[in-house]
Amino acid sequence: MFDLDRGAKTLIGFSLLSTFGVSAVFPYIPIFGKEIGMPVFLIGNLVLLYYLLQTVTRIPLGKFSDIVGHHAPILIGALLYFVAAGSFVTSIYFWPALFLGEIALGVANSVIWVTVPSYITESEGALPVYSFSIGIGWLLGSPVGGFIKDNYGMRSVFFILLSVSIILIYLSWEFYYGTRPGDRRESVRGFIRMAVMSPSSFPVYPSIKSYVDGWRLLRTNRHLLFAGLFSFIVFMTFGLGSSIVPLYFSEIGITSFLIGILVSIRLATSTSIRLTSKFFTRRFGDFRVLVTSTILAGGFIILVSRTQAFPLIAIFSALWGLGSGMYLPIVFDIIGKHSTEEERGVAMGIRGTLGTLGAAFGTWTFSSLAAQLSLGNALSLAGGFTIAGSIVLGLAFRQESGR
């Protein structure tokens with residue numbers, strides 16, 4: 001950690017805080033929606049909007065970072081976190097503002113989760129620390145948010161994200177001028193010049209070419225295709241963990257604080273297992289570890305949906321985390337090893353696009369099924385889909401499994 005460059009250290013701290021802020025708020029938005037009378041399907045559409053925006057923006061935003069560098073997009077992402085937090089606070093008085101908050105949060109995450117990993121993969125030794133730090137952020141945020149919701153209400157939960165976003169603006173500003181050549185005034189002038197350029201003279205977003213480049217790269221890079229398809233499946237389970245799962249836990253009588261504990265347990269095991277990813281991948285290969293661990297995650301999702309006893313749910317949540325935790329460092333490593341520096345932003349955008357498409361698919365499909373069947377049965381079907389999809393990908397890419 002102490003040997004990392006200044007930019008990597010700043011972005012690791014930025015990522016820890018951003019995941020803390022988002023995880024303190026996001027799991028409780030569906031519960032808040034239910035408390036104010038929104039139907040399950042409309043709540044599903046609220047979460048769907050968040051993921052669909054990331055689906056259509058990540059590739060162009062990856063192209064954006066390839067063209068202008070990492071600094072300006074990260075500052076823009078921090079400002080969007082602030083807009084999202086302000087919209088969520090407003091939703092206390094005017095609930096449609098929830099949708100504006102989800103829009104701003106979705107675009108902010110698109111910027112951050114493409115640009116930051118692209119920078120981190122270029123910093124030697126930073127990737128394990130980075131993936132561990134974001135796990136810590138997810139680990140701490142959910143129980144803190146749940147405790148505050150139970151004791152002080154959703155308004156105070158939204159103020160967590162608002163406070164975090166102010167710190168993120170400061171960190172992104174430090175990263176913007178602190179790791180660029182030239183003095184601070186020149187960095188400010190450069191950012192202002194970029195901001196006032198017209199879309200016609202700065203054809204980055206929306207950029208049809210970025211989609212064309214992304215499609216070409218996906219067709220020609222078999223490793224990226226595998227990483228992207230697995231992102232679809234794993235993000236689907238992650239999306240369920242932020243939409244249907246909190247509603248299911250609330251339905252069976254678990255308080256917001258205990259929901260946060262369950263989320264934290266899953267993320268704790270998910271985070272800790274990441275530190276051992278190199279051991280398993282060296283022994284069994286990237287592809288084989290991904291397939292096996294995701295099949296296990298699907299099985300534990302089914303077990304979570306079949307019980308209402310808190311101790312058993314806690315155990316199955318922990319095992320679910322162990323199954324899904326290998327994904328992040330392995331996929332980032334695959335993309336880092338099998339893409340050039342010039343195309344890495346687009347490659348990360350492809351991964352994010354397919355991932356958030358999976359989250360959107362899972363949220364919409366299984367929220368619709370939950371409205372017709374039940375939350376528990378919808379979760380069981382999602383676990384079965386995860387297992388089946390992992391097996392299909394394992395068979396399709398079986399020649400890669402030994403690498």
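Which residues in α11 meet L375, G376 and L379 in α18? In this predicted model, the α11 side of the contact consists of I244, V245, L247, Y248 and E251, where contact means heavy atoms within 4.5 Å. The residues of this contact divide into six nonpolar, one polar and one charged. Here Ala, Val, Leu, Ile, Met, Phe, Trp, Tyr, Cys and Pro count as nonpolar, Asp, Glu, Lys and Arg as charged, and the others, Gly among them, as polar.

The model is predicted: local features need pLDDT of at least 70, side-chain atom pairs count only at pLDDT 80 or more, and totals for chains, interfaces and linings use all residues. Residues are numbered from 1 along each chain as its sequence is written, and side-chain values use heavy atoms, with hydrogens and water left out.

The protein has 18 helices and zero strands. Both are DSSP runs numbered from the N terminus (helices: H or I, at least four residues; strands: E, at least two). Of the 403 residues, 60% are buried (under 20% relative accessible area; exposed is over 50%, partly exposed in between; 1.4 Å probe, protein chains only). Among contacts with a separation of 6 or more, 84% join residues 24 or more positions apart.

Helix α18 spans residues 375-396. Helix α11 (residues 244-251) packs against α18 at about 140°, with the axes 9 Å apart. Axes are lines fitted to C-alpha atoms, for helices over the stretch in contact, and angles run from 0 to 180 degrees between N-to-C directions. The two helices are therefore oblique to each other (under 35 degrees is roughly parallel, over 145 roughly antiparallel, 65 to 115 roughly perpendicular, the rest oblique).

Helix α10 (residues 222-241) also meets α18. Their axes come within 10 Å and cross at roughly 170°. That makes α10 roughly antiparallel to α18. The contact divides into 11 nonpolar, four polar and one charged residue. Among its members are F226, F230 and I233 in α10, and F385, G389 and L393 in α18.

The largest nonpolar core has 114 residues. Such a core is a set of buried Ala, Val, Leu, Ile, Met, Phe, Trp, Tyr and Cys residues joined through side-chain atoms within 4.5 Å. I29, F88, I120, Y130, F158 and F249 have the most contacts inside the core. Beyond four places in sequence, Y130 touches I12, S15, W113, V116, P117, I120 and F332.

F257 lies in helix α12 (residues 256-274). At 31% relative accessibility, F257 counts as partly exposed. Its C-alpha atom is 7.7 Å from that of V144, 113 residues apart along the chain.
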